[in-house]
Amino acid sequence: MDDNKQFWERFSRHYAGFMRRSQATYQQICKAMRPFLKRDMDVLELACGTGQLSIPLSPCVRSWEATDFSSEMIRQAKKQVYSSRLHFSVQDATKLPYGPESFDAVVISNALHVMPHPEKALAEAWRVLKPGGWLFAPTFVWGKSRSARLRLWFMGLSGFRVYHVWTAGELMAYLSERGYSIVRHPLLGSSLAPLCCLMARKIPDERSAARQTTFQSAQLDDPKVKKE
């Protein structure tokens, strides 16, 4: 998770202003997610940035825990006016401090593709989700066209690194392989920056439970994990 951290720490002061260019897309995401949010839900958001989703959506639920691995992002988020149901904190999405089955929904917005190991964040999301809980994972899906490669190359010049370039179908397959049941996947945004607003549920079965157990065992066997 540290690979992009320096970039986000530097960029945090300008992030909210930069994201205003994507305001229409985030409004679309909010509109797509809002019908699934209920007053009695406890929600965890990973990679919340400066609160583009957490601030407008947190009034819809009982509690919203918004987290980011950048302390500067969280500091900027806390400067804004927001609901008493919303709490910001600095957390590593791959090593969450919350107990199993603590949340009714987990939100990972526009972050899976910039994580070196998104499978670790998805495994943690699975662990903290209640059975039947929701995973909302709006993710940019540029695909592998020439224009997409050119756009990503320009982004890379600024220090912004994208680790995974998925199509919508590839993103859905990636989550399905990790046990999530896809419910909806509308495409939002523009043709230059298409976004798959993926909505899935944790529906445990023998196969998905086995996959999660295998992944967690692999983490325990990882020398880097043991060293920590």
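The side chains of Glu177 and Arg178 form a salt bridge, with 3.4 Å from N to O. Arg178 is partly exposed, at 22% relative accessibility. The model is a predicted one. In total, the structure holds five salt bridges. Two others are described here, each with its place in the chain.

A salt bridge joins the side chains of Arg62 and Asp42, at 3.0 Å from N to O. This pair links distant parts of the chain, 20 residues apart. Arg62 sits in the loop between α3 (54–57) and β2 (63–68). Asp42 belongs to strand β1, which spans residues 42–46. The two partners also have their own levels of accessibility. Arg62 counts as partly exposed, at 44% relative accessibility. Asp42 has a relative accessible area of 16%. The limit for a buried residue is under 20%, so Asp42 is buried.

Asp104 and Lys130 also meet through their side chains in a salt bridge, here at 3.2 Å from N to O. Asp104 lies in strand β4 (residues 103–108) and Lys130 lies in strand β5, so the pair ties together parts that are 26 residues apart in sequence. Asp104 is buried, with a relative accessible area of 17%. Lys130 counts as partly exposed, at 27% relative accessibility.

Helix α7 covers residues 168–176. Its buried residues are Ala168, Leu171, Met172, Tyr174 and Leu175. These residues lie on the same side of α7, because they cover an arc of only 155° around the axis. An α-helix has 3.6 residues a turn, so residues three or four places apart point the same way. The buried residues of α7 pack against a helix and several strands. The helix is α5 (118–128). The strands are β5 (129–140), β6 (180–184), β7 (187–189) and β8 (194–202).

Glu101 is found in the loop between β3 (86–90) and β4. Its phi is near 55°, a positive value in a residue other than glycine. Glu101 is partly exposed, with a relative accessible area of 44%. Asn110 is found in the loop between β4 and α5. Asn110 is not a glycine either, yet has a positive phi of about 50°. Asn110 is buried, with a relative accessible area of 12%.

Conventions: Residues numbered from 1 in each chain as written. Predicted model: local features only at pLDDT ≥ 70, side-chain atom pairs only at ≥ 80, totals over all residues. Heavy atoms only, no water. Buried < 20%, exposed > 50% of the residue type's maximum accessible area, 1.4 Å probe, protein only. Helix = DSSP H or I, 4+ residues; strand = E, 2+ residues; numbered from the N terminus. Arc of directions from axis to C-beta. Contact = heavy atoms within 4.5 Å. Salt bridge = Lys/Arg side-chain N within 4 Å of Asp/Glu carboxyl O.
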